[in-house]
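The following paragraphs go through a structure part by part. Please keep the sequence and the model at hand while reading.

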Amino acid sequence: MKTTARALLGASVMLALTGAAFAETTITVATVNNGDMVRMQGLMDDFYAKNPDIKVEWVTLEENILRQNVTADIATGGGQYDVVTIGTYEAPIWAKQGWLEGLNDLPADYDIDDLLPAIRGGLSVDGTLYASPFYGESSFVNYRMDLAEKAGITIPDAPTWDDIKAAAAAMTDAEAGIYGICLRGKAGWGENMAFLTSMANSYGARWFDENWVPQFDSPEWKAVLTDYVEMLTKYGPPGASNNGYNENLTLSLQGKCAMRMDATVSAGGLTDPAQSEFADKVGFALAPDMGLGKRANWLWAWSLAIPASSDAKDASKAFINWATNKDYLALVASKEGWRNAPPGTRTSLYANPEYAALPFAKMTIDSINAADPTNPTVKPVPYVGVQFAAIPEFAGLATSVGEIFSAALAGQKSVDDALAEAQALSVAEMTSAGYIK
Amino acid sequence: MARTVTPRRKLYFTLAAWTVALLIFFPVFWTILTSFKTEVSAVASPPQLFTADWTLENYAEVWSRSDYPRFFWNSVVISVGSTLLGLLIAIPAAWSMAFVPGNRTKDLLMWMLSTKMMPAAAVLIPMYLIFQKTGLFDTRIGLVLALMLMNLPVIVWMLYTYFKEIPGEILEAARMDGASLRNEIIYVLTPMAIPGIASTMLLNIILAWNEAFWTITLTTVDAAPLSAFIASFSAPQGLFYAKLSAASTMAIAPILILGWFSQKQLVRGLTFGAVK
């Protein structure tokens, strides 16, 4: 009897220990719906093979809904999400609020020093990395080389705004449905204002001076908005004020944009024969400048971060290490080719000869390296961020200003009126937020 | 004196009705068509109504990428549950307002309706905190309660309007025959108001099924209904319109079918008492 009891006790202890060893931790990952994230969800077998004790639940949401839900959860310490997808705008703001877990203690094979310095800088506060980049992007010019040749022009690898204006004029053939230049016109802080803020940086304009006073009444901003409206009115597609990233990408895939300035991340699709019949005719150039030392390119990285309220931080770190490791890039390449590897995060990717041979690789890394979020403008500014100012008020303010500028593009108001309205609105907002005393 | 309707007049009315119906249905029709297109033809410029390369690929991918049955079941539980719970509370409330009104009944009704005028986002943080602290976050019972509360004013108002059409003398007669209050409501009032109750129920199931703000905000994984399913295929950047359309079609199909089969009931209930 005693022997049986002991055997049963022993078996129970063994069972309990085995159970403990295989205790499954479930983490909830909140993410956006884009091609790279969808691809990652298809490669989860590799993660489960390496981490059999972690289960991942995905919550995929549209970007703005994700931002709203994650903000509400983190601000209230809800702990619903263990890993969240955030951008370079949120990372420094949330880290300063103490909402994010530091990631400097990821395992050695994560190789933190391999991250591109500009991207790492944008996701760090006081030397601590708070979000691990999943893919990074800048912006550059893509154009149809056949149309440039037909028009008898050459677009330099590092063009000026005058080069871009001349090329747009030369390649426009509205009757044939070819538009010289496609730029973002749809209102939004991540749409037209991402482009216009980057353009402003190259023109020597800035959102705020060192005392947070808005600068839309400066001659630099007038030059920016005048040239932008003129270029799109003369050489852009009809209804340009409604076109965002998606619309302009579609026009480019169909060959209707002779030239477009937008995210480097779209290069893979533009050079993919399955998506565009003009894939072998696409050329790339750096975003233009005015000779003032700053180019009109932005910097963005979708990144994975752990809210401080997560109760599964170790499992979350294991997931982030897998999803943003060098090995993950190799995994994607082995399944779908190097063209589909998430770009713009690691130095080693661009040192890889196979990746470097892709037509957009060099221009992408050069564009990312040309962006400096800590020193984004010609004149000094009190904020961090290239196409945004990393303060909580920026998203709302820039969206309102974006609506004003989009109306100017649509011809509903003059450039002068739009700038005056933007200035008044920004001064009121910054005053009520306490930046202007 | 009866008004004569000439054939010409009838033709105009028919044409106008068809035009309005087609205008309302067109976005749904467009979504369904887009769900069978490739991603490239879905965003063709200028837009094309029809395409040469129809495909079922979007449905296959949407099905494989997400747990549709779980989202569907959550939608069923949340919409039906919140409606039934709402009716349970609203029928006695509407009875009292219609048949034994007090001095403040009208004010009370207006106050109830005024809660619908408040934008949902205004109470986002309190609701979020309450749901988190009470453990209702990401639970079906939590959403049943939230949507019931949200739709209760509409349910009470609709039932109140229907009950007002029922002669109070009939209920009085039942009372004189010795019917208790419970029996009066269950055996006398409810059978007479069945068309109104049915249409209220159907309309509220539709409202709850389509609700997207709270159902997305107050859920993550376990209780997420079809509104969250659609949102998971929405992307401001990237060419996923065809898959989004397939997800939308899969989400609206059940409620469209329900609406189609119950339209006679719905129309009868909605026009109940409108023409005397």
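The domain assignment of chain A gives domain 1, made of 2-136 + 299-356, and domain 2, made of 138-298 + 370-432; such bounds come from an automatic or database domain assignment. The model is predicted, so local features need pLDDT of at least 70 and side-chain atom pairs count only at pLDDT 80 or more, while totals for chains, interfaces and linings use all residues. Residues are numbered from 1 along each chain as its sequence is written, and chains are lettered from A and ligands numbered from 1 in the order in which they are written.

The C-alpha centres of domain 1 and domain 2 of chain A are 32 Å apart. Their contact involves 14 residues from domain 1 of chain A and 15 residues from domain 2 of chain A, where two residues are in contact if their C-beta atoms, placed from the backbone, lie within 7 Å. On the side of domain 1 of chain A that touches domain 2 of chain A, at least two residues each come from α5 (90-96), α6 (117-122) and β9 (299-305) of chain A. Here helices (H or I, at least four residues) and strands (E, at least two) are DSSP runs, numbered from the N terminus. α6(A) gives the most to this side, with three residues. By class, this side of domain 1 of chain A has eight nonpolar residues, five polar and one charged. In this scheme Ala, Val, Leu, Ile, Met, Phe, Trp, Tyr, Cys and Pro count as nonpolar, Asp, Glu, Lys and Arg as charged, and the others, Gly among them, as polar.

A residue inside chain A can be looked at next. A:Leu225 sits in helix α10 (residues 219-235) of chain A. Why does A:Leu225 count as buried? A:Leu225 is buried because 26 other C-beta atoms lie within 10 Å; the cut-off for buried is 20 or more, with 12 or fewer for exposed and partly exposed in between, the C-beta atoms being placed from the backbone. Leaving out residues up to four places away in sequence, A:Leu225 touches A:Phe405, A:Ala408, A:Val415, A:Ala418 and A:Leu419.

Chain A also meets chain B, with 23 residues of chain A in contact with 23 residues of chain B. β1 (25-32), β2 (54-61), α4 (63-75) and α11 (245-253) of chain A each supply at least two residues of the side that touches chain B. That side of chain A has seven nonpolar, 13 polar and three charged residues.

Chain B itself has 14 helices and zero strands. Of its 276 residues, 34% count as buried.
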